[in-house]
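Here is a short briefing for a first look at this structure. Keep the sequence and the 3D view open while you read.

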Amino acid sequence: MGLAAHPASGEDLRDLFFGEALYHADQGQYFEAIQRLDTELAQYHRLDQPELDTLHYHVNEAEFSVGDFELDYRMHYRAGRAIKRVLEGSVDDAVRNEAAFRLARIHFQKDQLDDALQALGRIRGPVPEKIRNDVEFLRANIYMATNRSGEAVEVLGHLQNNKSLAGFVSYNLGIALLQAGRQKEAIDQLDKAGQLAADDPAALAIRDKSNLVLGALLFEAGNFERAKQTLDRVRLEGPFSNQALLRAGWAEASTQQYDRALVPWNILATREPTDVAVQEAMLTVPHAYASLKLYGRSALMYGRALELYSTQIAKVDASISSVQEGRFLKALIREESREDQSWVIRLRSLPGAPETYYLMELMASHDFQTALHNYLDLEDLRSKLMAWETSLDAFDDIIRLRKQNFEPLLPVVDAQFQDLDSRMRLRLEQHKHLAERLQTMLTAPRPDYLATADERATGERIALIEKKLEHSDSAESLAFRQRAARLQGVLTWRLETEYQNRLTAAYEHLNELNRQVDGLTRQYDAFVRTRQAATHSYVGYDTQIAQLRERARRALERVDTLMARQGHMIETVAINQLQARRERLVAQQTQARYGVADSYDRTARVQSGAEGH
Amino acid sequence: MRNTTHWWFVIGLVLALSFAAFGRLEGAPLPEDKKTDGKHTDATAEQQQMRGLDEQVQEVKSDVLSISAELNQLEEKLLYPSGTQVAIFVALAKGDQMRLDAVRLEIDGQLVAHYIYSAKELEALRRGGVQRIYVGNVATGDHQLNVVIDGKLRAGTDFSRTEHFTFHKEVKPKLVELTMSGPESGKTPITIGEL
């Protein structure tokens, strides 16, 4: 879709998954693009703080893009729903207006013209510059499709200076004027449209079409000379060339200038014999010779026409048989037939696929093309679903092997881990206690807490000695008590004076221990994750896989049924079309037979007349 | 007889071109739009049947898309759990016109991807698309990533560049973006972005 401009590339693109969706969409892989972008958007909408996600920078474009991809994948209903969500969301006017335009376009494509107008009616305030003209052009088309030609003329009138839509606006204005019954203005407008400068294929084709329609109008009005001049402006190699040549011949023939009519008709008669105009020219050429009283030449050309019709009838018969035998559908799903977007057109040149020769008109119709594309999409879905069945089998295998590997190992690992876990918890508890104690000592110093083991033992012994001497009043005991008090004083002095250094050293040791504990905790967490991953690698998938398998199986059944019905529908429509072409060829063959007989008869009469004289 | 026939044909042609063929060029408000033929006529039984089938096809597509999404999640969980997942993406620098022919990736000395680009893929990259070139598993910690790109310059000259990077894998999934630039751009040939 032209409007789904790529938002960013390289440095500008912030969300890799959005970029990945664009990568797939650009290659026509819309299934993959939708699936990825849908998943990304769903994840984004589930976030508590979506503004922190990288998709936030592109979210509006992503919402539009997913709708565009769905349209490209011929999922109009879903695309419509996606765009409605944007419309109903909290977005600014420009985004809402673009969404309304896109919704209107979908409705127009689906022939829901009232809904399309209603969607356009939701446009309020500023319309983004890039779509401003497209909105008005769509509005004009809806007016034309609903017979509101006057309004269409007015809207198109304002768009005439738009360069990118020039040919389309000019032509549509001509048709709108014609619809409105303003014949003369329509002719002038189509004349302008038929002379616009153009260089790209689409603009050239619309210019040719303007000239063809104008030529037909002038012919109808009896203005044969101007009709001829207009038809001569149609390019000889364009898609409307055959019809223009046929009409140009008729314009000359209508003024009895059969010799001049033969010029375009003879060009036409040498072209692709399956074309309707060419087949008609095979009759108009001998008709012109007969009108010029060149009966011998006329009989010869009728003979050639007879030959061509017989060949073409045989070809149509072969095509019908081929379609009936299912070869058309097989040709459709051949890889080489789908290499690019013009595959429908190139089907005609597929070797060994005669059934496609006569289906060009049919293939140009939107419904038939949708049916063909749907058939191919179904074939792709079928391949995917079948491949997924294999994937699910592989997943089952992986799970089975992982279970075989882990189940005998895990109980032993778990037992070892439980032992380590309890030891570790104990140490962590001790570490926590120490840290708390040190913290408290910052505000309430406790030198005794920082005593060494020897100092603690010495202190206890002194206390014991003091206790033993407590009730004795002898001189010897007194001397011992004084001695013990001095020793206690020495100990206290050491603890008090070395307190700050000891506290610093204790903090350093605690920090060292913290590092060890952090390393241990990381290792512990890694083990827990690995242990969980081991279980998660094979436990809890059975139900999900069984459900997926069942869903895939049911989807495959539906796809098969739909493919059969879609295929049958395509074949039926194709055969009906081929039969209609056959009937036309048979009628032309009868006319040619009559023409041969008539020409011989006239030749004979001319000859006998000449002999009589 | 001929004259009567072709008069009717001409009238029919005008009508057909102005209305029935509306669905082609002139009826298309935008060149990429495709519209149905016969907007002013009731759909035939065949058309109705086709449209009915189209609705069902759209439904089954929706269903298969949802299966695919679930299957992808399952695949990711089973094969590339978040604790070990690493995904490497390739993008072209904005506006770069070099012809990227191939990319080769090695993680810790092991060849993990060697991709040769088709014209379509290259065009998609030039238009801002990003390719997920590799998804795999690595342990947490630092890893060496060697990237080799081969391509052609606008003049048709071959060129090749090699870059060595280190990326750090944490417990969450690791996303690595490689942005390539041709030598003519004056930018660093390969830059790395980590998420």
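Start with α5(A): 13 of its 17 residues are buried, so this helix is largely enclosed by the rest of the structure. The model is predicted.

**Helix α5 of chain A**
- Helix α5(A) covers residues 93-109.
- At 1.5 Å a residue, its 17 residues should span 24 Å, and the end C-alpha atoms are 24 Å apart, so the two values agree.
- Just after α5(A) comes A:Asp111, which takes a positive phi of about 65°.

**A helix pair in chain A**
- Helix α11 (residues 201-220) and helix α12 (residues 224-232) of chain A have axes that come within 8 Å.
- These axes cross at roughly 170°.
- Angles over 145 degrees count as roughly antiparallel, and α11(A) and α12(A) are therefore roughly antiparallel to each other.
- From α11(A), the contact draws on A:Asn211, A:Leu212, A:Leu214, A:Gly215, A:Leu218 and A:Phe219.
- From α12(A), it draws on A:Phe224, A:Arg226, A:Ala227, A:Thr230 and A:Leu231.
- By class, the residues of this contact of α11(A) with α12(A) are 7 nonpolar, 3 polar and 1 charged.

**A:Gln577, a residue in a helix**
- A:Gln577 sits in helix α24 (residues 542-612) of chain A.
- A:Gln577 has 22 other C-beta atoms within 10 Å; the cut-off for buried is 20 or more, so A:Gln577 is buried.
- Leaving aside neighbours within four places in sequence, A:Gln577 is in contact with A:Leu359 and A:Leu362.
- A:Gln488 is 89 residues from A:Gln577 along the chain, and their C-alpha atoms are separated by 119 Å.

**A:Ala451, a residue in a loop**
- A:Ala451 lies in the loop between α20 (366-443) and α21 (453-468) of chain A.
- A:Ala451 counts as partly exposed because it has 18 C-beta neighbours inside 10 Å.
- Apart from neighbours within four places in sequence, A:Ala451 is in contact with A:Arg456, A:Gly459 and A:Leu495.
- A:Glu498 is 47 residues from A:Ala451 along the chain, with 9.7 Å separating their C-alpha atoms.

**Chain B**
- Chain B has 195 residues, of which 31% count as buried.
- Its elements are 3 helices and 8 strands.
- Along the sequence, chain B follows the pattern α-α-β-β-β-α-β-β-β-β-β.
- Take the contacts in chain B between residues at least 6 apart in sequence: 63% of them join residues at least 24 apart.

**Where the chains meet**
- The contact takes 81 residues from chain A and 66 residues from chain B.
- On the side of chain B that touches chain A, the elements giving two or more residues are α1 (2-18), α2 (45-79), β1 (85-92), α3 (119-126), β4 (131-137) and β7 (174-180) of chain B.
- α2(B) gives the most to this side, with 22 residues.
- By class, this side of chain B has 30 nonpolar, 16 polar and 20 charged residues.

**Confidence**
- Chain A averages a pLDDT of 87, and 93% of the residues score at least 70.
- Residues 1-10 of chain A have a pLDDT below 50.
- Beyond near neighbours in sequence, this stretch of chain A has 26 contacts in the model.
- Where pLDDT is low, the predicted coordinates should not be read in detail.

Note on methods. Residues numbered from 1 in each chain as written. Chains lettered and ligands numbered in written order. Predicted model: local features only at pLDDT ≥ 70, side-chain atom pairs only at ≥ 80, totals over all residues. Contact = placed C-beta atoms within 7 Å. Helix = DSSP H or I, 4+ residues; strand = E, 2+ residues; numbered from the N terminus. Nonpolar A, V, L, I, M, F, W, Y, C, P; charged D, E, K, R; others polar. Buried ≥ 20, exposed ≤ 12 C-beta atoms within 10 Å, placed from the backbone. Expected span 1.5 Å × (residues − 1). pLDDT = per-residue confidence, 0-100. Axes fitted to C-alpha atoms, helices over the stretch in contact; angles between N-to-C directions. Parallel < 35°, antiparallel > 145°, perpendicular 65-115°, else oblique.
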